[in-house]
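Q: Could you walk me through how to read a structure like this one, starting from a single residue?
A: Happy to; let us look at it together.

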Amino acid sequence: MKQFFKLFDLTQKVDYKTEVLSGVTVALALVPEAVAFAMIAGLAPLTGLYAAFVMGLVTAILGGRPGMISGATGAIAVVIVALAQTHGIEYVLAAVILSGLIQVAAGFLKLGKFMRIVPHPVIFGFVNGLAVIIFTSQLAQFKDASGNWLTGEPIYILLALVLGTMLIVWGLPKLTKVIPSSLVAILVVFGVVVYFGIGTRTVGDVASIRGGFPPFHIPHIPFKWETLVIIFPYAGIMAAVGLIESLLTLNIIDEITETRGRGNKEAVAQGAANILSGFFSGMGGCAMLGQSLINISNGARARLFGIVAAVTLLLFIMFASAYIELVPMAALTGLMIMVAIGTFEWASLKTINKMPKSDILVMVLVTLVTIILHNLALAVIVGVIIAALVFAWDNAKRIRARKSVDEDGIKHYEIYGPLFFGSVSAFNDKFDVMNDPEEVIIDFQESRVVDMSAIEALNKITERYLKVGKKVHLKHLSPDCRRLLKNADKIIDVNVIEDPNYKLVIDKV
């Protein structure tokens, strides 16, 4: 029993009122989002709502980060839209299940640790781009059915309700935090619209959310190789997008709450949620930063919030759809605009002049890719690659060589900085082969041989000295460098010596 409580984090202190109210608030915010993302993917609205319920419930119970919420997301919708158009819902559900299996495998293989290589400029760019997407997605509420901007009385009413919602969300916490300001804002705007009989767009005008319990459904697809060829690319992209967005959201919530989540556990939970979502007629999804931030701003931190949000959403679908469909979209629009404002890393703008130009480039590029392509995974991957190349370039310029000749006439080259593909050229320029004495020692006490390009560079410098009848030795190679050289001994031939007067450099793991 003790292990059960430990597994689900049920032993932590819980503020039940805050958790329940925050869960209800987020459930209201999930409705239009889930419907909109399902429609983006070309699927029925209930497909998105069922995904929000299943994803939210499973990840709340099994996830690696209490306080987060998962559901149908735009990033996943963009990935599956082509599959939905060409092969239909059955193939989409199968791809969702397969993506979940890939995510579970990634969690068990502990691939979540690779999120450590994502630098802060990439996270800033990801968050800023997502904030812009959240904001721009709300602009559709300011247009009519034909896509034209509202004018006259409708736009004034909408702006008044939206600004009223934003004012309550911003101002109420300064007076009291007894009730989540976002829930109060929705209820106040709803009451104003009903009391004064104001004509404005509601959730029901977007789509009906009436339905039952998510039906269990095994995708009707041919079980053959051709089917796997069709769905695997989509499943792989969905798995990558979902994990990247979920683990980045986990890291951001970690920073805000000053606690530490478990990335690999979250990966397994996301995978299990997608598998069940596919079997229960859902489009799949991942962690939702905007809704998670609503919860964090409400003060909820436990798993109870996510369970309440998911169950409340299901109750909306099954029993309260007629009432939820009356909720003004203006209230939810104002709430999401405040989420966008809170999501944006305003501090990143203040520190632009203090940041290295390379970091600014990475941040801006990730932001633009996120906004333009709506592909969060691609944006993060591009950012990481550019950051890695910048790091390699900077380190390539830092390799140095201190030169000296001892009393025996042997010349010593003391190398500083890593020797890898980027620094090979600068390394070769350090040596004066023609004018050096008969014997040369290259000392790696303050350096490291990193890759195959570095080994080949050592081979070539040895050959250059041998061609003119001179000897060259390598000294103070760390154990991992020695293993690297030993593994490549069939390809190259370098001369390594040991000096008993020195200790080898030993890496601390």
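A: Helices here are DSSP runs of H or I, at least four residues long, numbered from the N terminus. This is a predicted model, and F53 has its place in helix α3, which covers residues 45-62.

Q: How many helices and strands does the chain have?
A: The chain contains 21 helices and six strands. Its C-alpha atoms fill a box of roughly 100 × 55 × 55 Å along the principal axes.

Q: Is F53 buried or exposed?
A: Buried means under 20% relative accessible area. F53 counts as buried because its relative accessible area is 7%. Across the chain, buried residues make up 50% of the 509 residues.

Q: Which residues is F53 in contact with, beyond its neighbours within four places in sequence?
A: Look for heavy atoms within 4.5 Å. F53 then touches F213, P214, A310, V311, L313 and L314. With P214, the separation is 161 residues in sequence, yet the C-alpha atoms are 8.8 Å apart. For the chain, 82% of the contacts with a separation of 6 or more join residues 24 or more positions apart.

Q: Where is V311 found, and why does V311 count as partly exposed?
A: Partly exposed is the range between the buried limit of 20% and the exposed limit of 50%. V311 sits in helix α13, residues 303-318, and it counts as partly exposed because its relative accessibility is 34%.

Methods. Residues are numbered from 1 along each chain as its sequence is written. This is a predicted model: local features need pLDDT of at least 70, side-chain atom pairs count only at pLDDT 80 or more; totals for chains, interfaces and linings use all residues. Side-chain values use heavy atoms; hydrogens and water are left out. Helices (H or I, at least four residues) and strands (E, at least two) are DSSP runs, numbered from the N terminus. Buried means under 20% relative accessible area, exposed over 50%, partly exposed in between (1.4 Å probe, protein chains only).
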